[in-house]
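Hello,

Here is the structure I promised to pass on to you. Have a look at it, and then read on for what turned up.

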Amino acid sequence: MGVHSNLSPSSSSLAVLLITLTTLQLLGAESKTFWGDIEALKELKNALDPTSVSPGSCISSWDFKLDPCDNLFSDRFTCGFRCDLVDSATSRVTELSLDQAGYSGSLSSISWNLPYLQTLDLSNNFFSGSIPDSLSNLTRLTRLGLSGNSFSGSIPASIGSLSNLEELYLDSNGLHGAIPPSLNRLASLKRLELQGNQLSGELPELGSLQNLFYLDASNNAISGQIPLTLPSSLLQISMRNNRLQGTVPENIKHLGFLQVLDLSHNQLGGSVPSYLFEHPSLQQLTLSFNQFSSVQPPVSLGIQSELIALDLSNNQLKGLLPSFLPMMPKLSALTLENNKFMGMIPTQYAFKVALPGSGVSAFERLLLGGNYLFGPIPGPLLVLKPGSANVGLADNCLYRCPRVFFFCQGGDQKSLSECRSFGPIIP
């Protein structure tokens with residue numbers, strides 16, 4: 001008994017055609033790069049100095065006779081970008097991260113018409129000229145890395161329109177002028193690196209950046225005072241080697257997550273405020289090479305401090321060594337060199353090096369050289385062996401500090417006349 005089909009010849013042919021088309025779509029569905037993205041990649045390659053495109057570099061392999069996304073990681077498009085499917089047949093460039101191959105050229109002629117781009121990283125090459133306003137076309141951008149190039153001019157205010165930006169790296173270039181206040185609109189920003197430029201003017205208010213955890217604007221020419229409003233989310237602030245004046249603002253104590261604060265090599269003065277020694281999370285405080293003249297002792301005597309490392313060297317600090325510093329339980333690195341401290345070295349300092357109490361971190365580094373400390377060397381230090389701790393007492397007014405003791409090496413004690421000229425400090 002035969003099996004009879006209910007399909008007419010015309011219906012059968014239609015079914016075969018549909019199956020064939022579906023099979024072809026499944027087998028031959030190549031993800032074509034959107035034409036506009038191809039043009040943008042061509043613009044970038046054409047903007048480079050051809051002599052800077054060395055054999056073996058990512059861009060040297062870009063051959064636009066072939067489709068970029070279809071041939072990514074082949075010998076024609078080895079590296080430099082990433083593609084993602086946005087529909088069943090179209091790929092868009094979502095990441096452009098060039099290798100550190102010494103590329104040079106200007107970005108100003110590029111339209112940056114890559115609306116799906118999330119990461120642009122051109123770091124550690126030799127790009128020059130200004131940072132173009134056209135980068136504001138990259139509306140989905142979350143990471144912009146231009147570090148370690150030769151960009152000049154000012155930071156364009158238009159960067160403030162990149163509302164999805166989470167990481168901004170403009171460090172180690174030749175940028176100058178003021179930091180644009182428009183950066184305060186980057187509400188998603190988590191990391192801001194501007195160090196190693198020639199930026200000037202005052203640091204703008206950044207209080208709206210409530211996701212910012214890392215701020216580095218070191219090695220510039222930023223002047224004025226530290227802003228009164230800073231993001232409460234900050235974990236690290238580095239502003240060393242600028243021209244900041246005034247003192248450390250009280251709002252620092254409200255930054256409840258702050259762990260690292262480096263304001264060294266500025267023109268800050270007055271008293272080192274007590275709230276820095278009672279901060280609930282601060283672990284590393286560097287205020288060296290400023291003009292501070294005194295240290296305010298905290299009411300709690302620092303026993304609740306989280307500080308691990310404190311550097312107050314190369315200031316104008318006077319008076320006796322602060323008695324509360326050895327009482328800070330986690331402090332293990334203390335640098336007070338090259339100030340104008342006088343008096344005897346408190347025994348508590350020596351005990352924290354040689355015989356710290358239970359649950360208290362020892363001084364692994366205690367640098368007191370370059371002051372006007374006098375009197376004998378505290379007994380607990382005399383039993384220290386070289387390598388047990390980094391202790392420095394050179395260039396003081398100590399009675400008998402022979403170089404047989406490692407902590408007396410590195411320089412002679414001051415002359416008797418210099419010590420007496422400073423004040424009545426020698427018995």
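Predicted model: local features only at pLDDT ≥ 70, side-chain atom pairs only at ≥ 80, totals over all residues.

Helices (H or I, at least four residues) and strands (E, at least two) are DSSP runs, numbered from the N terminus. Residues are numbered from 1 along each chain as its sequence is written, and side-chain values use heavy atoms, with hydrogens and water left out.

Let's start with the disulfides (pairs of cysteine sulfur atoms within 2.5 Å). The structure holds 4 of these disulfides. One of them is formed by Cys69 and Cys83, with sulfur atoms 2.0 Å apart. It links distant parts of the chain, 14 residues apart: Cys69 sits in the loop between helix H2 (35-47) and strand E2 (81-85), and Cys83 in strand E2. The torsion about the S-S bond of Cys69 and Cys83 is about -75°, so this disulfide is left-handed.

Another disulfide joins Cys397 to Cys419, again with an S to S distance of 2.0 Å. Because Cys397 belongs to strand E28 (residues 397-398) and Cys419 to helix H4 (residues 416-422), the pair ties together parts that are 22 residues apart in sequence. The link of Cys397 and Cys419 is left-handed, with -100° about the S-S bond. Cys401 and Cys408 form a disulfide as well, their sulfur atoms 1.8 Å apart. If you number the bonded cysteines of the chain in sequence order, the pairing reads 1-3, 2-4, 5-8, 6-7.

For burial, the classes are buried (under 20% relative accessible area), exposed (over 50%) and partly exposed (in between), using a 1.4 Å probe and protein chains only. Cys69 and Cys83 are buried, and both Cys397 and Cys419 are buried too.

Next come the salt bridges, each a side-chain nitrogen of Lys or Arg within 4 Å of a carboxyl oxygen of Asp or Glu. Side chains of opposite charge can pair when their charged atoms come close. A search of the whole structure finds 14 salt bridges. In one of them, Arg143 pairs with Asp121, the closest N and O atoms being 2.7 Å apart. Arg143 lies in strand E7 (residues 143-145) and Asp121 in strand E5 (residues 119-121), so the pair ties together parts that are 22 residues apart in sequence. Asp121 counts as buried because its relative accessibility is 16%, while Arg143 is partly exposed at 24%.

Arg403 and Asp412 also meet through their side chains in a salt bridge (2.6 Å, N to O). Salt bridges that share partners join Asp121, Arg143 and Glu167 into one network. Asp412 is exposed, with a relative accessible area of 53%, and Arg403 is partly exposed at 48%.

Finally, two buried residues for you to find. Thr94, in strand E3 (residues 90-97), has a relative accessible area of 7% and is therefore buried. Asn173 is in the loop between strand E9 (167-169) and strand E10 (176-178), and is buried with a relative accessible area of 10%.

Best wishes
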